[in-house]
2 protein chains.
Amino acid sequence: MTYHTFTESKLRDFTRSIFEKMGCSAEHADLAADVLIKSDLRGIDSHGVARLTGYVRLWEKGRINAKPDIKIVHETPTTATVDGDAGLGLVVAPFAMKVAIEKAEKYGSGWVSVRNSNHFGIAGYHTMMAVEKDMIGFAMTNASPLVAPTFANERLLGTNPMCYAFPAGKYPPVIVDMATSAAANGKLEIAQRMGKPVPEGWIQDANGNPSVDPHELKKGGSLLPLGSDRDHGSHKGFGLSATVDILSAVLSGANYGPWVPPFVAFMEPSSDPVGKGIGHFLGAMRVDGFRPIDEFKSHLDNWIERFSSAKPINEEQKVIIPGQPELQAEIERRKHGIPLIEEVCNDLNEIACKFGLQKLRD
Amino acid sequence: MTYHTFTESKLRDFTRSIFEKMGCSAEHADLAADVLIKSDLRGIDSHGVARLTGYVRLWEKGRINAKPDIKIVHETPTTATVDGDAGLGLVVAPFAMKVAIEKAEKYGSGWVSVRNSNHFGIAGYHTMMAVEKDMIGFAMTNASPLVAPTFANERLLGTNPMCYAFPAGKYPPVIVDMATSAAANGKLEIAQRMGKPVPEGWIQDANGNPSVDPHELKKGGSLLPLGSDRDHGSHKGFGLSATVDILSAVLSGANYGPWVPPFVAFMEPSSDPVGKGIGHFLGAMRVDGFRPIDEFKSHLDNWIERFSSAKPINEEQKVIIPGQPELQAEIERRKHGIPLIEEVCNDLNEIACKFGLQKLRD
């Protein structure tokens with residue numbers, strides 16, 4: 001595969017100008033670009049600028065509102081439902097997280113369920129907003145149906161990620177950010193490009209049989225929940241994914257299960273929706289609502305040290321603290337730039353042409 | 001295996017009198033018995049009266065305080081830390097959930113981290129307290145270290161369960177109650193009694209190699225996180241388990257990771273603890289803090305109907321809604337009694353003798 005490397009600032013400027021051309025305000029374009037670039041910096045290439053063409057196509061179809069009136073439609077001191085007005089999830093979710101943080105500042109915790117939104121980028125971005133305020137951050141979202149519940153031969157759930165983030169002291173925050181499927185769709189895409197089989201337990205074919213063909217989804221197959229099969233706890237992955245779906249959508253009034261509108265613009269959303277757009281769930285809790293922040297941080301540091309120094313199976317592979325590999329990627333990529341595969345560069349050049357902007361590369 | 005079947009009320013009376021003999025107040029004995037019996041009714045035999053001898057042994061060692069002064073030691077309007085004063089988790093956790101519910105009644109949500117507690121029974125019991133009030137319930141606890149993080153050859157985490165519960169309308173509540181390990185310890189115990197191998201992916205041996213021997217834990221092996229291996233997402237199971245550990249213990253001031261005191265009385269707790277007892281985390285959110293309760297319930301009913309009627313892989317095995325099998329067991333066992341294996345009956349008879357009580361059976 002051919003890669004081209006770009007500085008963070010070049011990619012950021014490019015991304016921002018695309019969002020501005022879509023009609024986003026400067027503030028929204030800035031924020032949306034920040035979410036995507038953060039993903040690329042952190043090495044989560046599937047959720048960064050590679051998605052930009054996807055957002056543009058949804059906007060062209062009228063499924064993304066570039067000038068949304070995002071607002072709270074229901075609330076108590078510590079809970080709220082936000083309607084994203086079909087805006088970019090990249091701006092709707094930070095709005096909701098800000099509401100959660102403000103409530104937490106006043107009352108100790110804040111929880112916001114969001115409807116009428118779109119793909120919100122990496123969950124970790126939103127939880128880090130809480131961590132910066134010495135809070136614990138929660139973020140979840142439902143997503144286009146690709147995953148079959150245990151025993152089902154039908155795609156009813158998205159890869160529905162959950163994210164939990166905790167501020168540490170001398171170490172970087174612990175950030176658990178994970179799809180509730182056995183493998184994220186991005187990993188499948190990599191195998192497709194490489195033309196390589198995937199491990200058994202990631203997908204099933206159109207008849208519900210195990211498969212190692214990464215192209216199985218196009219032929220009617222499904223991704224499997226975390227746990228892969230019943231014997232290994234796939235009902236738990238299904239349960240977690242169900243939790244994300246209910247908190248994000250049944251609670252907010254968004255679409256859930258098979259009604260979640262697809263991210264890809266070439267597939268039409270359900271003609272019979274059960275809610276509005278896709279749903280998210282965001283939360284923030286003040287650490288000092290439970291114990292003094294310095295005590296918490298010093299114990300979390302101790303936790304990190306103990307787990308980092310766990311006896312490894314192989315000396316070369318130590319235990320990985322959740323969030324650490326992403327931070328390493330960020331340090332590396334801030335210094336040496338962000339590599340994009342040629343296919344993504346071409347896609348980005350194409351939208352640049354469409355909007356009369358300078359190409360990302362010639 | 002030989003089973004003996006008892007009525008709910010006989011087992012309940014027996015259990016209550018054991019707790020009273022330990023010195024618990026009538027109110028605490030009632031509550032603790034209710035938590036254990038609920039577990040047996042729901043078919044979770046590993047967490048019911050089979051555990052009673054374990055609690056008695058811990059009490060004999062002075063590690064359970066039968067007359068605890070359970071109290072809030074830190075709080076904001078919607079958060080609190082509760083110190084269980086080494087009381088039975090079976091009474092400490094309901095105390096904490098009550099605090100969470102009271103906060104939620106006033107402010108929309110309530111969150112309680114608990115230290116200085118013990119094994120709290122089934123997480124589902126506590127979340128159902130919230131569901132009865134038309135709230136969403138959350139419950140987690142850390143536990144004796146049995147699980148190795150991905151890449152580690154050391155037991156640093158418990159089977160650390162997470163539970164999420166949601167009130168439905170015409171259907172029973174959706175209750176996701178799951179260990180964050182590939183298999184719960186109870187399942188391993190069943191295989192041990194049967195002398196049967198377990199599926200690969202549940203445990204590793206003392207060298208960190210995959211094993212199917214259910215006795216591996218006694219020889220220095222470990223349980224594996226949900227996901228089983230790195231390729232199938234065991235780092236996600238590790239991340240979830242870490243989340244439970246941090247919310248339950250780093251946040252409350254309980255012991256975490258390898259410092260969590262073992263449930264079995266023949267193993268001594270760490271001589272160098274990092275906190276007090278074990279930790280829990282409980283939460284409640286008012287559904288009507290987000291949308292009217294009737295709207296939520298009717299959509300959750302719709303969710304349940306859609307998932308229940310998903311196209312199955314085999315016609316004989318439909319999709320299971322989380323919480324449904326436990327409810328079926330409860331209906332069945334309320335009617336036909338609770339079966340206990342002979343081994344458990346003998347253990348219970350032994351403690352009856354010790355306390356000068358009538359045997360459960362002759």
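This dialogue explains how to read several features of the predicted model shown above.

Visitor: What conventions apply to the numbering and to the model?
Guide: Residues are numbered from 1 along each chain as its sequence is written, and chains are lettered from A and ligands numbered from 1 in the order in which they are written.

Visitor: In what order do the strands of the open sheet in chain B lie?
Guide: In general, strands of a sheet pair through backbone hydrogen bonds, either parallel or antiparallel. Strands (E, at least two residues) and helices (H or I, at least four) are DSSP runs numbered from the N terminus, and two strands pair if DSSP finds at least two bridges between them. In chain B, 7 strands form an open sheet in the order 2-3-4-11-5-6-7, with mixed pairing. Strand 2 (71-75) and strand 7 (174-178) of chain B are the edge strands, each pairing on one side only.

Visitor: How many bridges join strand 6 of chain B to strand 7 of chain B?
Guide: There are 5 bridges between strand 6 (residues 162-166) and strand 7 of chain B, and these strands run antiparallel. B:Tyr164 stands opposite B:Val176 in strand 7 of chain B.

Visitor: At what angle do helix 4 and helix 5 of chain A pack?
Guide: Axes are lines fitted to C-alpha atoms, for helices over the stretch in contact, and angles run from 0 to 180 degrees between N-to-C directions. Angles under 35 degrees count as roughly parallel, over 145 as roughly antiparallel, 65 to 115 as roughly perpendicular and the rest as oblique. Helix 4 (residues 89-107) and helix 5 (residues 123-131) of chain A pack at about 25°, with axes 10 Å apart; they are therefore roughly parallel to each other.

Visitor: At what angle do helix 2 and helix 9 of chain B pack?
Guide: Helix 2 (residues 26-41) and helix 9 (residues 324-336) of chain B pack at about 100°, with axes 8 Å apart. They are therefore roughly perpendicular to each other. Contact means heavy atoms within 4.5 Å; among the residues making this one are B:Lys38 and B:Asp40 of helix 2 and B:Glu330 and B:Arg333 of helix 9.

Visitor: What rotation superposes chain A on chain B?
Guide: Copies are superposed by least squares on the C-alpha atoms of residues with pLDDT of at least 70 in both. Here a rotation of 180° with 0.0 Å of shift along its axis superposes chain A on chain B (RMSD 0.0 Å). The two copies are thus related as by a two-fold rotation axis.

Definitions and conventions: This is a predicted model: local features need pLDDT of at least 70, side-chain atom pairs count only at pLDDT 80 or more; totals for chains, interfaces and linings use all residues. Side-chain values use heavy atoms; hydrogens and water are left out.
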